[in-house]
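Please go through this structure with me slowly, asking at each step what a term rests on and how the computed values bear it out.

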Amino acid sequence: AGSVVAIDPNTGEILAMANYPSYDLSKYYSDYSTYANDERLPLFNRATRGTYMPGSIFKPMVAVASLAQGAIEQDTLINCQHIYTRFTDYQPQCLGTHGNINVEYALCVSCNIFFYEAGYRLGIEKMGDYAAQFGLGEESGIEIGESTGYFSSPEVYEELREGTEHLDWDHQPGNVLQVSIGQLDNRFSPLQLANYTATLANNGNRMRAHLVKSIQTYNSSETVTEVEPEVLNTVDASEEVFQTVRDGMISVSRDTTHGSARYYFGTYPITVAAKTGTPQNVGDQNNATFIAYAPAEDPQIAVAVIIENG
């Protein structure tokens with residue numbers, strides 16, 4: 001099961017929105033019972049109402065926020081020796097050992113150690129502020145119902161665990177680290193993730209997502225209303241910050257040795273800025289997440305993909 005959403009980053013226009021499994025509208029009434037009892041939920045609009053942990057596709061947002069707020073610089077080096085050792089009682093690991101790396105290379109190899117440290121320096125409050133600026137956990141403006149999901153803040157952490165025994169946020173030093181790599185309680189819809197990607201492509205201008213392009217009279221002889229592009233907000237970061245993150249996302253596709261999307265886009269005729277993710281899925285296989293926009297130099301399309309147990 002899964003979902004994909006594609007957006008024009010310049011206008012917010014939905015170019016494609018698809019769910020799998022889906023259903024045959026002509027058989028909606030005759031086969032409703034079958035659809036309704038299918039455990040894969042074909043009647044559920046995952047694109048707008050499903051919420052998913054993003055995993056590493058969250059890292060470009062953390063990179064933008066950390067650079068914009070001065071938590072790191074473009075040439076800041078963080079030493080990845082596989083284990084994060086800032087805390088004695090919680091030492092999460094990276095999938096690799098990358099040595100001294102900057103933010104661009106950290107995006108290319110998806111280094112957890114780099115983003116643990118960047119997120120720690122940035123802090124949960126600023127991280128949440130930037131997540132909201134990118135529309136993560138916020139309404140997209142689309143004309144149909146949607147789930148807003150939520151950013152993994154201390155308040156959300158406590159609310160989700162109300163009535164259960166758990167350590168409060170301040171006694172869990174690893175929480176900020178897990179949020180920094182798109183895990184813990186982060187939950188966003190494919191639509192939000194696509195619009196977030198479009199905002200990365202658009203140097204921080206977050207457009208209202210919309211399905212309706214225009215409304216015409218019954219015989220299509222006259223246009224009654226035409227939907228104009230609307231900027232919902234602009235992310236507080238410079239074009240230089242977005243270019244740095246763009247370079248890192250391009251290396252995900254173009255770096256012939258380390259880029260996690262190199263097998264698909266390494267020799268692609270269009271330059272693609274991308275990020276892959278493998279968020280944990282408790283009790284099941286990990287989900288697969290992917291975001292991309294292209295052409296990287298003049299973006300015309302932004303895409304988010306979620307594959308359940310992928």
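Q: In this predicted model, which residue of β11 is the bridge partner of V4?
A: The bridge partner of V4 in β11 is V305.

Q: What lies between β1 and β2 in their hairpin?
A: Six residues lie between β1 and β2, and G12, which belongs to the turn, has a positive phi of about 85°.

Q: Why are β2 and β9 said to stand at the edges?
A: The open sheet has five strands in the order β2-β1-β11-β10-β9, with antiparallel pairing. β2 (14–20) and β9 (273–277) each have a single partner strand, so one side of each is left without a neighbour in the sheet. From one strand to the next, the twist averages 5°.

Q: What makes helix α9 a helix that packs on the sheet?
A: Contact means heavy atoms within 4.5 Å, and α9, residues 190–201, touches β1, β2, β10 (288–294) and β11 (301–307); the direction of α9 makes about 145° with that of β11. Another helix, α10 (residues 239–254), lies across β9 and β10 and runs at about 70° to β9.

Q: Why is β1 called largely enclosed by the rest of the structure?
A: A residue is buried when its relative accessible area is under 20%, and five of the six residues of β1 are buried, so β1 is largely enclosed.

Q: How do you know that R161 makes a polar contact with Y157?
A: The side chain of R161, a residue in the loop between α7 (154–160) and α8 (174–180), reaches the backbone oxygen of Y157 at 3.1 Å. The cut-off for such a pair of N or O atoms is within 3.5 Å, so the approach of R161 to Y157 at 3.1 Å qualifies. Not counting residues up to four places away in sequence, R161 touches H166, L184 and D185.

Definitions and conventions: Residues are numbered from 1 along each chain as its sequence is written. This is a predicted model: local features need pLDDT of at least 70, side-chain atom pairs count only at pLDDT 80 or more; totals for chains, interfaces and linings use all residues. Side-chain values use heavy atoms; hydrogens and water are left out. Two strands pair if DSSP finds at least two bridges between them. Helices (H or I, at least four residues) and strands (E, at least two) are DSSP runs, numbered from the N terminus. Axes are lines fitted to C-alpha atoms, for helices over the stretch in contact, and angles run from 0 to 180 degrees between N-to-C directions. Buried means under 20% relative accessible area, exposed over 50%, partly exposed in between (1.4 Å probe, protein chains only). A polar contact is a pair of N or O atoms within 3.5 Å; within protein, one must be able to donate a hydrogen and the other to accept it, and residues adjacent in sequence count only if both atoms are side-chain atoms.
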